[in-house]
Amino acid sequence: MALQRLWLIGCGNMAGAMLSRWIDSGRIAAGAVDVVNRNDRALPGGVRQARTLPDGPPPDAIMLGMKPQQIDEIVAQYGDAIARAPMLISILAGVEEATLAERFPGPAIVRAMPNLPVALGKGVVVLHARAAPPPVKESVAALMAPLGLVEWTDDEASYGALGTLEGCGPAFLFRFIDALAKGGEALGIPGDQAARLALATVEGAAAMATGADATPATLADRVASPGGSTREGLNVLDRDEALVMLLTETLAAARKRGEEMAAEARR
């Protein structure tokens, strides 16, 4: 199934990042995209933006990119139009496939959980579709390919966990970079310089880890000479698995909120 025409219902930061990358990569032509937003946003040139869906035949796919809490409002406004589309892609956090199928009977449904680096083609997109036929899944996978790493899961519970890790992960890493810079300031480094060093250090380390033949844990040990300063710092992070426990708690809190949102959407 060739996916050439696309309607976006809601195009905030995440959907906008996806759209920009699709157009920049040539995956979709700007003139083949219609966006419905409550208020105008800065979108790539050639993309049509309006307050309602266009008249005429349905597109190849519709993507839901609004807030999950707006789902019933969208059903009331656009349910009939969505029902005529062959496929529905949802990036709504916490809204399960069964809930989507109940609200929008008709199209084949694929859930997608991207993260913001998709704007650079360096993101991650987790996909889940229990009932969609193989041609639909292949078409959606091809659409997502320019965004970065694409991973499928057959288990919707696993989808929630995977989405928590990659969807929320950039925010947690941004916080880590900021904390690394603040730690540098505490050592007496000027704030602006500490920020530059922290960002460049994380960028370089991530690139090295991506191309390495060893795990990040092994790479950390390679950097740390016995009795050296790096090892002494790692001892703080490793003591009682402090860093692992902190991130486990962080991810668990994010996942719990996702489960609460799913329960709210079922009502």
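Leaving aside its neighbours within four places in sequence, which residues is G46 in contact with? In this predicted model, the partners of G46 are A30 and G31. G46 itself belongs to the loop that runs between β2 (33-36) and β3 (48-50). Its separation from R175 was also computed: G46 and R175 are 129 residues apart along the chain, and their C-alpha atoms are separated by 35 Å.

Two packed helices are described by the angle between their axes and the distance between the axes. Helix α5 covers residues 156-186 and helix α6 covers residues 191-211. The two pack at an angle of about 135°, and their axes are 8 Å apart. That angle makes α5 oblique to α6, since angles over 145 would be needed for roughly antiparallel. The crossing of α5 and α6 is right-handed. On the α5 side, the contact is made by F176, I177, L180, A181, G184 and E185. These residues meet G191, A194, A195, A198, L199 and V202 of α6. By class, the residues of this contact of α5 with α6 comprise nine nonpolar, two polar and one charged.

Helix α5 also packs with helix α9, which spans residues 242-266. Here the angle is about 120° and the axes are 9 Å apart. The pair α5 and α9 is therefore oblique as well, and the crossing of α5 and α9 is right-handed. Which residues of α5 meet α9? They are A157, A161, T164, L165, C168 and F172, and the residues they meet in α9 are T250, L251, A254 and R255. The contact of α5 with α9 divides into seven nonpolar, two polar and one charged residues.

Finally, the aromatic rings deserve a look. A pair of aromatic rings is described by the distance of the centres and the angle of the planes. How many aromatic pairs does the model have, with ring centres required to lie within 6.5 Å? The count comes to zero. A ring does take part in another kind of arrangement, however: the charged end of K137 sits over the ring of W152. The distance from the charged end of K137 to the centre of the W152 ring is 4.9 Å.

Conventions
Residues are numbered from 1 along each chain as its sequence is written. This is a predicted model: local features need pLDDT of at least 70, side-chain atom pairs count only at pLDDT 80 or more; totals for chains, interfaces and linings use all residues. Side-chain values use heavy atoms; hydrogens and water are left out. Axes are lines fitted to C-alpha atoms, for helices over the stretch in contact, and angles run from 0 to 180 degrees between N-to-C directions. Helices (H or I, at least four residues) and strands (E, at least two) are DSSP runs, numbered from the N terminus. Angles under 35 degrees count as roughly parallel, over 145 as roughly antiparallel, 65 to 115 as roughly perpendicular and the rest as oblique. A crossing is left-handed if the near helix is turned anticlockwise from the far one by less than a right angle, and right-handed if clockwise. Contact means heavy atoms within 4.5 Å. Ala, Val, Leu, Ile, Met, Phe, Trp, Tyr, Cys and Pro count as nonpolar, Asp, Glu, Lys and Arg as charged, and the others, Gly among them, as polar. Rings of Phe, Tyr and Trp (its six-membered ring) pair if their centres lie within 6.5 Å; planes under 30 degrees apart count as stacked, over 60 as edge-to-face and the rest as tilted. A charge sits over a ring if NZ of Lys or CZ of Arg is within 6 Å of the ring centre and within 35 degrees of the ring normal.
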